[in-house]
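Q: I would like a close look at a single part of this model, followed by an account of the contacts that tie the chain together.

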Amino acid sequence: MAQCTSSVLALIILVFTPLCVAHKGSSGYLCPQFYDHSCPKAQEIVKSVVAKAVAREARMAASLLRLHFHDCFVQGCDASVLLDSGGGIISEKGSVPNRNSARGFEVLDEIKSALEKECPSTVSCADILTLAARDSTAISGGPSWVVPLGRRDSRSASLSGSNNNIPAPNNTFQTILTKFKRQGLDIVDLVALSGSHTIGDARCTSFRQRLYNQSGNGKADSTLDPSYASQLRNRCPRSGGDQNLFFLDFVSPTKFDNSYFKLLLASKGLLSSDQVLVTRSQQSKALVKKYAENVELFFDQFAKSMIKMGNISPLTGSRGEIRKNCRKMNS
């Protein structure tokens with residue numbers, strides 16, 4: 001009987017222990033327990049710094065989440081987005097999607113500094129970004145999930161990759177879906193991950209076209225609610241005010257929930273890239289409806305899609321390095 005009980009217990013532990021993910025040709029793997037012995041306080045340190053940063057400025061949660069997304073879509077999740085120009089590097093920070101927009105770098109510097117004191121040259125900037133995205137989501141009221149760890153940092157950046165691979169606010173639905181598919185993500189991931197726009201802001205320059213000349217005919221986007229469009233024009237004029245900020249989800253802008261999807265169904269998505277999820281694909285529209293009706297379903301899929309995105313082409317094993325400073329390669 002004791003032997004039977006012990007076998008059942010062992011099976012339960014096996015079932016509920018997150019599996020490590022091997023990556024072809026990398027001689028390495030990602031595993032939730034990666035730092036359990038080398039830096040056991042790593043996740044605690046990341047969460048503590050992120051919590052303080054979000055308490056200071058709620059918008060920071062969305063900024064950190066966005067940085068992870070912009071990192072993974074360029075060369076994989078390798079912290080290339082954090083590199084400054086210099087030493088042969090042309091920074092991704094100057095790309096169209098990131099210029100005057102990407103932020104939160106100082107928070108990551110603070111996390112890295114704390115980790116270097118605790119366990120020098122151990123925790124990668126790529127893993128810090130991945131953990132910070134998870135913690136930002138959870139702290140804002142969204143789901144949490146177990147993060148596979150063990151990524152290493154790139155010794156290169158790709159300005160062209162940043163310009164070409166990251167979906168733009170005015171891309172067509174098909175272009176956005178194609179960019180997701182290039183990363184091994186599908187339409188379910190696209191809709192779920194777009195739900196991150198339940199927090200954060202967008203600049204006037206990101207959606208001005210929708211207000212004044214969406215189709216080149218001098219008229220507003222017909223898929224945008226007229227009264228909402230009128231409100232937006234008050235602070236987003238035809239010219240000027242490029243950097244004026246607007247909530248992506250004006251109902252609960254700092255709470256991670258499913259109101260973003262409800263706004264899409266009411267034709268009140270801020271960006272064209274948001275609204276096309278309802279107007280250009282029946283499959284994506286059906287997913288929007290499901291997530292609008294069931295927040296648990298959205299949270300569950302968002303967590304799954306974040307793990308999937310976080311596994312895009314990581315550097316593992318002996319590839320890359322563990323940067324001492326996230327902004328520059330080790331000398």
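With which side chain does the side chain of Ser158 make a polar contact?

A: The model is predicted, and what follows is computed from it. The side chain of Ser158 makes a polar contact with that of Ser160, at 3.5 Å. Ser158 is placed in the loop between helix H5 (125-139) and helix H6 (159-165). Its relative accessibility is 16%, under the 20% limit, so Ser158 counts as buried. Leaving out residues up to four places away in sequence, Ser158 touches Val74, Gln75 and Glu92.

Cys39 and Cys119 form another disulfide, with 1.8 Å between the sulfur atoms. This pair links distant parts of the chain: Cys39 is in the loop between strand S2 (28-30) and helix H2 (42-56), Cys119 is in the loop between H4 and H5, and 80 residues separate them. Cys39 and Cys119 are both buried.

Cys204 is joined to Cys236 by a disulfide with an S to S distance of 2.0 Å. The torsion about the S-S bond of Cys204 and Cys236 is about 80°, so this disulfide is right-handed. Cys204 lies in the loop between strand S3 (201-203) and helix H9 (208-212), and Cys236 in the loop between helix H10 (226-233) and strand S4 (245-247), so the pair ties together parts 32 residues apart in sequence. Both Cys204 and Cys236 are buried.

Then the aromatic rings. There are 17 aromatic pairs. One of them is formed by Phe73 and Phe180, edge-to-face, with 5.0 Å from centre to centre and 70° between the planes. Phe73 is in the loop between helix H3 (60-72) and helix H4 (105-118), while Phe180 is in helix H7 (residues 173-182), so that distant parts of the chain, 107 residues apart, are linked by the pair. Phe73 and Phe180 are both buried. Elsewhere, ring pairs link Trp145, Phe256, Tyr260, Phe261, Tyr291, Phe298, Phe299 and Phe302 into a cluster.

Two arginines also lie over rings. The charged end of Arg233 sits over the ring of Tyr212, 6.0 Å from its centre. Arg235 lies over the face of Phe246, at 4.5 Å from the ring centre.

Methods
Residues numbered from 1 in each chain as written. Heavy atoms only, no water. Phe/Tyr/Trp six-rings, centres within 6.5 Å; stacked < 30°, edge-to-face > 60°. Helix = DSSP H or I, 4+ residues; strand = E, 2+ residues; numbered from the N terminus. Buried < 20%, exposed > 50% of the residue type's maximum accessible area, 1.4 Å probe, protein only. Lys NZ or Arg CZ within 6 Å of the ring centre and 35° of its normal. Polar contact = N/O pair within 3.5 Å; in protein donor to acceptor, adjacent residues only side chain to side chain. Contact = heavy atoms within 4.5 Å. Disulfide = S-S within 2.5 Å.
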